[in-house]
Amino acid sequence: MQNLLDLDGDGLTAWFAAQGEKPFRARQVLRWIHRAGVADFDAMTDIAKSLRDKLKARAVVQPPAVVSDKLSDDGTRKFLIDVGNGNAVETVFIPEDDRGTLCVSTQAGCALDCAFCSTGKQGFNRNLTVAEIIGQLWQANQALGAVHGDERVISNVVLMGMGEPLANFDNAVVALKLMLDDNAYGLSRRRVTVSTSGLVPVIDRLRDECPVALAVSLHAPNDALRDELVPINQKYPLAELMAACRRYLEKAPRDFVTFEYVMLDGINDSDAHARELLALVRKLPCKFNLIPFNPFPGSPFRRSPAERVRRFADILMQAGIVTTTRKTRGDDIDAACGQLAGQVRDRTRRTADRMIMFKEMAR
């Protein structure tokens, strides 16, 4: 049985052609599934009964199940999504006055093992399928009441949840294309963001195949420190990463790259670090998003004091760089940045998995 959530517009058109059906049928079904949030073929009332019967025999619309749904005091909502074999990923909805942002996961666990991230400490289980990625948006729309109408409760999507999106490139791009498709979710490229730790060759692929807004998890102004905090830097150092960011802007829907920078007390938050950052991003259009560190059990790091974060931001802003400090949201339900842990069990040797993945990407 074909899960139709695994197919974008082109994939669904090809699948319908293989069933002897015309292309417009794919568009009809795409709208029913993603615009209306309908999983029951019998409810797709403008489709001939004979086709509905064929679909029931050959296909399903099967999103991953929601295991739990927690609401924070600040309105942040965290969904725990079952991806099978005792594993789950987390999806977070963050409401604001002018937007509603859904933070989507792309992997069960993460192989990159960034020093300050609780998700990375679990190790890596597997990549999510297209249905498991786009299914998070499908389920969130259901839970938030944004179906069967023109509501757009979710106005922005960020691939910033569990996992490294560019390490699951093929599935992530199909999901991105569904988010952008006017017959599905119809989001603007400017309102869909992919966050990466710096997989340089895959940043170039994203630029060529599906350019959306780009965020880079930077977290350090020099290679020595970044090698420790973000181990992928040992493969793709900062000079290569900055060059990839410049190339990306040739096709990006926004004219800047967002650099995410977690503020770690006494580690990367000094005035000298801020000045190093200015030299690093010179002539690269960018903005900075400073992220207060969110502690988790066993972490050796502490959150930078508020005054230290303010001083750091001032140095960047005085140099003309737009700088924001992220408001911590959902920390009472472990939904804040870096806290997504889910129920993924560590069945891997992280270092070995990471090196295998690096070698594959270098081919």
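Leaving aside residues up to four places away in sequence, R302 touches M263, L264, D265 and F293; a contact here means heavy atoms within 4.5 Å. This is a predicted model, in which local features need pLDDT of at least 70, side-chain atom pairs count only at pLDDT 80 or more, and totals for chains, interfaces and linings use all residues. Residues are numbered from 1 along each chain as its sequence is written, and side-chain values use heavy atoms, with hydrogens and water left out.

**Confidence**
- The protein has a mean pLDDT of 89; pLDDT is the predictor's confidence in each residue, from 0 to 100.
- A pLDDT of 70 or more is reached by 89% of the residues.
- Residues 337-363 stay under 50 in pLDDT. The model has 79 contacts for them beyond four places in sequence.

**Overall build**
- The protein contains 11 helices and 14 strands. These are DSSP runs, numbered from the N terminus: helices are H or I with at least four residues, strands are E with at least two.
- Of its 363 residues, 56% count as buried. Buried means under 20% relative accessible area, exposed over 50%, and partly exposed in between (1.4 Å probe, protein chains only).
- Take the contacts between residues at least 6 apart in sequence: 69% of them join residues at least 24 apart.

**Around R302**
- R302 sits in the loop between β13 and α10 (306-318).
- R302 is exposed, with a relative accessible area of 54%.
- G266 is 36 residues from R302 in sequence, yet the two are 8.4 Å apart in space, C-alpha to C-alpha.

**Aromatic rings**
- The whole structure holds five aromatic pairs. Rings of Phe, Tyr and Trp (its six-membered ring) pair if their centres lie within 6.5 Å; planes under 30 degrees apart count as stacked, over 60 as edge-to-face and the rest as tilted.
- One of the pairs is F259 with F288, which is tilted: 5.5 Å centre to centre, with 40° between the planes.
- F259 lies in strand β12 (residues 257-263) and F288 in strand β13 (residues 286-292), so the pair ties together parts 29 residues apart in sequence.
- F259 is buried at 0% relative accessible area. F288 is also buried, at 0%.
- F293, F296 and F301 make up one aromatic cluster.

**The core**
- The largest nonpolar core has 110 residues, and L4, F116, M179, F259 and F288 touch the most other members. Such a core is a set of buried Ala, Val, Leu, Ile, Met, Phe, Trp, Tyr and Cys residues joined through side-chain atoms within 4.5 Å.
- M179 touches I134, L137, V157, L159, Y185, G186, L187 and V192, leaving out residues up to four places away in sequence.

**Helix α8**
- In α8 (residues 238-248), L238, L241, M242, A244, C245 and Y248 are buried.
- Seen down the axis, the buried residues of α8 fall within an arc of 160°, so they line one face of the helix. The arc is that of the directions from the helix axis to the C-beta atoms.
- The buried residues of α8 pack against α6 (200-209), β11 (213-217), α7 (223-229), β12 and α9 (271-280).

**Cysteines**
- The whole structure has zero disulfides, a disulfide being a pair of cysteine sulfur atoms within 2.5 Å.
- For C114, the nearest cysteine sulfur is that of C110, 6.4 Å away. C114 is buried, at 11% relative accessible area.
- For C286, the nearest cysteine sulfur is that of C245, 8.9 Å away. C286 is buried, at 14%.
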